[in-house]
Amino acid sequence: MSRPFLEYLVRTRTLAQGNITLLDNCAVRRLVTTADYTRIVGVEVEDRTRDGAVNALTAELIVDCTGRGSRTPQWLAELGYTAPAESEVKVNVGYATQIFRRNPGDDYARDWILITPEAPRETRFGGMFPIEGDRWIVSMGGWAGDHAPTDPAGFLEYARTMPTPDIYNMMRKAEALTDVYPHKFNSSLRRHYEKLTRFPAGYLVLGDAVCSFNPTYGQGMTSAAMQAAALDDLLAQRGGELAGIAPVFFKRAAKIIDIPWQLAVGEDFRYPQTTGPKPAGVDLLNRYVAAVHRATLIDPEVGRAFAKVMNLMAPPPSLMTPGMMLRVWRANRQLRRQRQSLARTAAVAVD
Ligand SMILES: Cc1cc2nc3c(=O)[nH]c(=O)nc-3n(C[C@H](O)[C@H](O)[C@H](O)COP(=O)(O)OP(=O)(O)OC[C@H]3O[C@@H](n4cnc5c(N)ncnc54)[C@H](O)[C@@H]3O)c2cc1C
């Protein structure tokens, strides 16, 4: 489904809960604290539906979910706390998206296609997904500055450079329903709240406000949802007791974030142009993941296991069981043999 449709459904379900009220068109301007700054007791909210009138809202627990642009680091510093240390990994990814009419009878009309690059030799990726309203959404782009163009002809030409022709063949024939919209993503950014030793009571931070990942891996929403579920579990375990919750929550959130961070940043470090703190052991791991990648071409079981890990439905060690390693090794051996046999055939043809 498209992102607006997903957000509409989440919003509808959320508001169907009787105990949730949504204040639309509002912006939090600052935190309200006790006189000694040790507890956050509310927020000041600017109401754009009422000429910017400012109201104070009070609460026992306030959770900052304002995304990557979260101002909590500045607010903490203004209140005399240390702002969290940051890890930033620069990737210089740029992609573009266009929507096409889909004929449900066409080839692939119910499948999706994802073309991922063999890094660092290739830098471009592309995806084509059926969405509601009989439409295709196509996104293509690249790492290390190899961004997709935003004029329709250039975007189509970019599709032609993909290692398989599927996206190009669909785009060539289908009716475009939108312009080509670009999105640039410069860096993955992680704020290490789990390392802080002082943090005000009554306040937490969650989702992209803590960590925003390279969106090409599609893990940010899952990670944010898992953090929200972890907070729910923690509150249930403690019977709603809030004292001392921040360090426990931030440690649990960090454990959740560690996996997608390792996966996303690890993949990004296949490109020598990527800069920033490199997780230990990433080069070794990447060599194995590259073999897993290749194995997904011919072994659907490896493909399923890999997709589960990338979608945070299974832990990365599930790709390293003896049975899985054997499958990966066998698939790579088969692919090597196929390549050698193709090379021999080509050599005979040239002779
Ligand atoms: C182009 C792109 C594609 C992506 N694709 C995927 C994908 O396929 N799969 C996936 O899992 N993730 C994807 N992501 C990542 C995903 O969007 C985020 O990880 C996720 O939305 C984070 O949720 P969040 O609630 O923490 O923050 P956000 O979704 O960023 O929400 C923050 C909200 O806070 C509001 N806000 C900000 N400041 C204030 C303020 N001062 N007062 C009041 N409100 C405020 C904002 O308006 C916004 O509504 C993608 C991201 C991008 C940019």
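The questions and answers below go through a predicted model of a protein chain with a ligand.

Me: How many helices and strands does the secondary structure of the protein chain come to?
Reply: The C-alpha trace of this chain spans about 85 × 45 × 35 Å along its principal axes. Its secondary structure comes to nine helices and eleven strands.

Me: What percentage of the residues of the protein chain count as buried?
Reply: A residue counts as buried if 20 or more other C-beta atoms lie within 10 Å of its own. The chain has 351 residues, and the share that counts as buried is 26%.

Me: What share of the contacts with a separation of 6 or more comes from residues 24 or more positions apart?
Reply: The contacts considered here are those in the protein chain with a separation of 6 or more. Among these, residues 24 or more positions apart account for 64%.

Me: Why are the buried residues of α4 on the same side of the helix?
Reply: Helix α4 covers residues 166–173, and its buried residues are I167, Y168, M170 and M171. They lie on the same side of α4 because they cover an arc of only 165° around the axis.

Me: Which residues are exposed on the other side of α4?
Reply: I167, Y168, M170 and M171 of α4 are buried. What covers them includes strands β5 (86–101), β6 (113–115), β7 (124–131) and β8 (135–142), together with helix α3 (152–160). On the other side of α4, the exposed residues are R172 and K173.

Me: Which residue in β9 is the bridge partner of V93?
Reply: Strand β5, part of the cover over α4, is joined to β9 (residues 181–191) by ten bridges, and the two run antiparallel. In β9, the partner of V93 is F185.

Me: Which residue in β11 is the bridge partner of L189?
Reply: Strand β9 is also joined to β11 (residues 211–212), by two bridges, and this pair runs antiparallel. In β11, the partner of L189 is S212.

Me: Which element supplies the largest share of the shell around the ligand?
Reply: The ligand is surrounded by 18 residues, and the closest are G67, G207, G218, G220 and M221. β1 (26–33) and α5 (220–237) each supply at least two residues of this shell. The largest share, four residues, comes from α5.

Me: How many residues of the shell around the ligand are nonpolar, polar and charged?
Reply: Gly counts as polar in this classification, and G67, G207, G218 and G220 are among the residues closest to the ligand. By class, the shell has eight nonpolar, nine polar and one charged residues.

How values were computed. Residues numbered from 1 in each chain as written. Predicted model: local features only at pLDDT ≥ 70, side-chain atom pairs only at ≥ 80, totals over all residues. Buried ≥ 20, exposed ≤ 12 C-beta atoms within 10 Å, placed from the backbone. Arc of directions from axis to C-beta. Contact = placed C-beta atoms within 7 Å. Near = placed C-beta within 6 Å. Pairing = 2+ DSSP bridges.
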